[in-house]
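Please look over the sequence and the model below. Then follow the walk from one chain to the pair.

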Number of protein chains: 2
Amino acid sequence: MRLYVTPASPWVRRVRVTILELGIENRFEFVQTKWPHSWGTQTVAVAPDFAAATPVLRIPALIADGVTLTDSHSICDYLNAEFGDYRLLAREGTARWQALAAMAIAGAIIEAQIMQRAELLRSDEERSNDFIAKMRDRSFRCFADLEKHHLPRFGAAFELAQITTAVACSYDDWRYGRDWRSSAPKLAAWYDSVADRPSLKATQPAETPQH
Amino acid sequence: MRLYVTPASPWVRRVRVTILELGIENRFEFVQTKWPHSWGTQTVAVAPDFAAATPVLRIPALIADGVTLTDSHSICDYLNAEFGDYRLLAREGTARWQALAAMAIAGAIIEAQIMQRAELLRSDEERSNDFIAKMRDRSFRCFADLEKHHLPRFGAAFELAQITTAVACSYDDWRYGRDWRSSAPKLAAWYDSVADRPSLKATQPAETPQH
């Protein structure tokens, strides 16, 4: 399988951690993509094979056997079912719905983090400080909600809801260094307890190559 | 179950069409939400019950039996499994992955449509015409991709990939009235062939109440 990646994207990292937790990394060719900072507002030039893989022109994108999946939700659902025997996400029932509920909140944080990043890449004239505050406030509300409603259900297994949550926590520290921990101190303690897992250590974020 | 909605949101409409196609509308209380146009860049005031339901402060949000789901992906997955016997989306296997592949593309269109809407609600000073062009171009690439790679697999059953695609087509006509049909004439013909379904007629988009 071929997976298009960047080292900065939390959506990519979620998939890469899933792959490492399933122990199937030798099945993949990882293709690095490059993104000039103008991606925040413009359609940027990409390699022909990447353009052919995904009309969305975003990462992650997975070319698998007979199917191409162009967002992390579908990719994780596919890998968990076909290569993980539903080990990281229950196939059905209450366990699945509780995990999807947590992932929707953690995913909303990641989406807000990325939208804030795109906003920060705008020119001074077109940048909205209101929008940046809106994305920050959404992220912090969601961290607090994860602590209150979802952290108490986290079990011993590091499954997809926990993977997504850990990636959101880590991205905030790496990209913004802001004080989400005051909004969710118990969640921060949980994150610190999992941050040294090999799958997370092997996928620490780094700046995406621009050229 | 309680579902928070607006009449304009394509994400909400996707869930409402799913509910109608499953014939389970009598199980829901539909709660209308109101959104001043400042939502494009600001955290707007919402009703206390809505704020308690979702830290994301976005619609749709579903309060179901023992679980609250705050995005259309998890809501549709839940309703299809618990109330639809997997009739609108296969539980596993190639049929599921092909449907998720199409939904990722159609969902990327809806996301681009909404981000463009938020951009258009900005002040003249903070509006990026580059960003609007980027969202338009992404949408049109994705319509063409749906026509080329996914339309040929559409079957007789109006399932979740088709629902999502139809909602994206309809929103473009309603909100923007732009010529996506030239990018995807066969997809447009397909959309015209399903547009009179009762589930789509009953959920035609309308402007969201601002106050």
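Predicted model: local features only at pLDDT ≥ 70, side-chain atom pairs only at ≥ 80, totals over all residues.

Residues are numbered from 1 along each chain as its sequence is written, while chains are lettered from A and ligands numbered from 1 in the order in which they are written.

Start with the sheet of chain A. Helices (H or I, at least four residues) and strands (E, at least two) are DSSP runs, numbered from the N terminus. Four strands of chain A make an open sheet, ordered E2-E1-E3-E4, with mixed pairing. Two strands pair if DSSP finds at least two bridges between them. Strand E1 (residues 2-5) of chain A runs antiparallel to strand E3 (residues 61-63) of chain A, and three bridges join them. Within this sheet, A:Leu3 has A:Leu62 of E3(A) as its bridge partner.

Now take helix H5 (residues 129-150) of chain A. The helix has 22 residues and reaches 30 Å from its first C-alpha to its last, close to the 32 Å expected at 1.5 Å a residue. That expected span is 1.5 Å times one less than the number of residues. Burial here is a neighbour count: a residue is buried if 20 or more other C-beta atoms lie within 10 Å of its own, exposed if 12 or fewer, and partly exposed in between, with C-beta atoms placed from the backbone. The buried residues of H5(A) include A:Phe131, A:Met135, A:Phe140, A:Phe143 and A:Leu146. Charged side chains are on that list too, among them A:Lys134, A:Arg138 and A:Asp145. The cover over the buried residues includes helix H4 (94-120), helix H6 (160-176) and helix H7 (185-194) of chain A.

Step back to the domains. Their bounds come from an automatic or database domain assignment. Chain A is divided into domain 1 (2-84) and domain 2 (94-197). Their centres, taken over C-alpha atoms, are 20 Å apart. Each of the two domains of chain A gives 12 residues to the contact, where contact means C-beta atoms, placed from the backbone, within 7 Å. On the domain 1 side, helix H1 (10-22) and helix H3 (72-84) of chain A each give two or more residues. H1(A) gives the most, seven residues.

How does chain B relate to chain A?

The contact between the chains takes 39 residues from chain B and 39 from chain A. On the chain B side, strand E4 (68-69), helix H3 (72-84), helix H4 (93-120) and helix H5 (129-150) each give two or more residues. H5(B) gives the most, with nine. The copies meet through the same surface, because 100% of the interface residues of chain B are also interface residues in chain A.
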